[in-house]
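Thanks, everyone. I have one structure to walk through today. Let me put it on the screen.

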Amino acid sequence: KRPLRVAAAQLGPIHLADSRESVLQRMFRLLDQASASRVQVVAFPELAFTTFFPRHLMDHTELEAYFDLDDPQNGGLRQSPGIKPLFDHARDLGIDVYVGYAEKAPTGDGFGYYNSSVYYSARSDRIVQKYRKVHLPGVVEPFKQPGATQQLEKRYFSNGDLGFPAFRAPGLLPNAAKTAAGPGEAIPLEGSGDAIFGMLICNDRRWAEGWRSYGLQGAELVFCGYNTTAYAPQLLGTSEDIDRKTAEEEVLFHHKLSCQGNSYMNACFSVNVAKCGLEDGHSLISGTIIVHPNGHILAEASTKEDELVIANIDLGDCRRGKEKTFAFAKHRRPDQYRMITDY
Ligand code: CDT
């Protein structure tokens with residue numbers, strides 16, 4: 001048995017005018033609720049501290065306010081002033097955290113900007129892994145039509161350059177090893193005393209390659225936070241308006257299909273967590289789900305507001321898939337897969 005109590009901390013809308021302090025207070029409330037329910041790991045969404053700003057065209061000066069400095073010379077994100085209070089709170093409660101943020105990283109001669117996430121281990125009071133979103137959706141050049149909803153992730157962020165590194169989360173399981181895996185330490189395919197996790201961000205969940213990279217490293221659980229548009233706001237008040245429910249159902253279907261199918265095909269749990277609801281008139285889907293390696297949904301959000309979705313899981317349930325149907329070492333035929341990397 002490898003039991004774990006996990007939660008997805010879904011966030012309702014964060015509007016342009018909402019202060020960082022108000023967002024942190026909401027996150028604290030969800031962490032407090034998680035603590036009262038003896039949850040060990042809490043996942044927050046993509047770009048969890050701000051509105052989904054890539055839908056707005058902004059100049060460089062405006063944009064800077066949405067990024068948090070992640071400077072390794074000054075303690076990295078753990079000490080970043082706008083985010084530190086979240087980790088302090090999680091440390092005090094003894095809860096691990098997966099969370100998405102807009103990363104501003106010094107490059108030597110300037111800064112790099114990424115759509116990133118980190119995994120914070122309360123037991124070791126440090127960030128044990130960072131991930132930078134690989135599959136950026138959207139465009140570089142803004143849409144010209146007046147009132148169009150923008151998707152400017154390709155304009156505002158650089159492509160993730162850290163690959164898909166699985167990592168060990170120390171101290172979560174009853175038989176946990178005393179120490180975390182060191183940087184670069186090989187992760188065994190079979191389970192160990194530490195839980196083996198991976199991170200994706202939003203659009204990544206639609207792409208098989210990231211999930212499979214984690215599957216190949218033996219990941220037992222993948223976190224994925226997202227901001228997914230339900231329907232275009234310019235349809236509101238028009239004749240197409242009546243169909244927005246159908247449009248949203250289809251978006252939800254593809255979201256769940258991606259999470260459930262890839263969890264099954266890689267024999268891992270997944271915690272998929274939304275920022276949702278009407279952000280300044282722009283509708284985001286909910287659909288926060290915790291998925292079992294057999295592909296079934298274990299727990300699901302019922303609102304489009306701040307909501308904690310909890311599941312008791314057993315990471316040992318990954319073994320069946322990893323050792324039988326998807327025993328990769330035994331059944332994969334990499335010599336036949338060259339198109340995947342060469343094309
Ligand atoms: N934020 C983000 O990545 N949104 C994307 C839009 C892709 S359009 C199919 C998403 O996957 O929800």
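**Loops, strands and a ligand**

Aspartate 280 sits in the loop that links β12 (277-279) to β13. Strands here are DSSP runs of E with at least two residues, helices are runs of H or I with at least four, and both are numbered from the N terminus. Before going on: this is a predicted model, where local features need pLDDT of at least 70, side-chain atom pairs count only at pLDDT 80 or more, and totals for chains, interfaces and linings use all residues. Numbering starts from 1 along each chain as its sequence is written, and side-chain values use heavy atoms, with hydrogens and water left out.

Back to aspartate 280. Its phi is positive, about 45°, although aspartate 280 is not a glycine. Most residues other than glycine have a negative phi. Is aspartate 280 buried or partly exposed? Aspartate 280 counts as partly exposed, because its relative accessible area is 36%. The cut-offs are under 20% for buried, over 50% for exposed, and partly exposed in between, with a 1.4 Å probe and protein chains only.

Leucine 47 also has a positive phi, near 40°, and is a residue other than glycine. Its loop runs between β2 and α2 (60-64). Leucine 47 has a relative accessible area of 1%, so it is buried.

Next, threonine 288. This residue lies in the loop between β13 (282-284) and β14 (289-291). Its relative accessible area is 0%, so threonine 288 is buried. What does its side chain touch? The side chain of glutamine 10 makes a polar contact of 2.6 Å with that of threonine 288. A polar contact is a pair of N or O atoms within 3.5 Å; within protein, one must be able to donate a hydrogen and the other to accept it, and residues adjacent in sequence count only if both atoms are side-chain atoms. Alanine 301 is 13 residues from threonine 288 along the chain, and their C-alpha atoms are 5.3 Å apart.

Serine 35 belongs to helix α1 (residues 20-36). With 27% relative accessibility, serine 35 is therefore partly exposed. From serine 35 to threonine 303 there are 268 residues in sequence and 21 Å in space, C-alpha to C-alpha.

Now the strands around β4. Which strands pair with it? For pairing, DSSP must find at least two bridges between two strands. Strand β2 (residues 41-43) runs parallel to β4, with three bridges. There, tyrosine 98 in β4 is opposite alanine 43. Strand β3 (residues 68-69) is parallel to β4 as well, over two bridges. Leucine 69 has lysine 104 in β4 as its bridge partner. Between β3 and β4 the chain passes through helix α3 (residues 84-93), and this β-α-β crossover is right-handed. Right-handed means that, with the strands pointing away from the viewer, the path from the first strand over the helix to the second runs clockwise.

On to β5, residues 111-121. This strand is antiparallel to β4, with 10 bridges. Phenylalanine 111 in β5 faces proline 106. Four residues lie between the strands of this hairpin, and glycine 108 has a positive phi near 110°. Strand β5 also pairs antiparallel with β6 (residues 126-132), through six bridges. Arginine 132 in β6 stands opposite serine 116. The hairpin of β5 and β6 has four residues between its strands too, and aspartate 125 has a positive phi near 45°.

Last, the ligand. Which residues are around it? Among them are Phe52, Pro137, Gln151, Glu153, Cys202 and Asn227. The shell has three nonpolar, four polar and five charged residues. Here Ala, Val, Leu, Ile, Met, Phe, Trp, Tyr, Cys and Pro count as nonpolar, Asp, Glu, Lys and Arg as charged, and the others, Gly among them, as polar.

The side chain of glutamate 46 has an N or O atom 3.2 Å from a ligand nitrogen. Lysine 133 places a polar side-chain atom 2.7 Å from a ligand oxygen. For threonine 228, a side-chain N or O atom is 2.6 Å from an oxygen atom of the ligand. On its own the ligand has 360 Å² of accessible area, and the protein covers 72% of that. These areas come from the Shrake-Rupley method with a 1.4 Å probe; for residues, only the protein chains shown count as cover.

Conventions:
A residue is near a molecule or strand if one of its heavy atoms lies within 4 Å of it.
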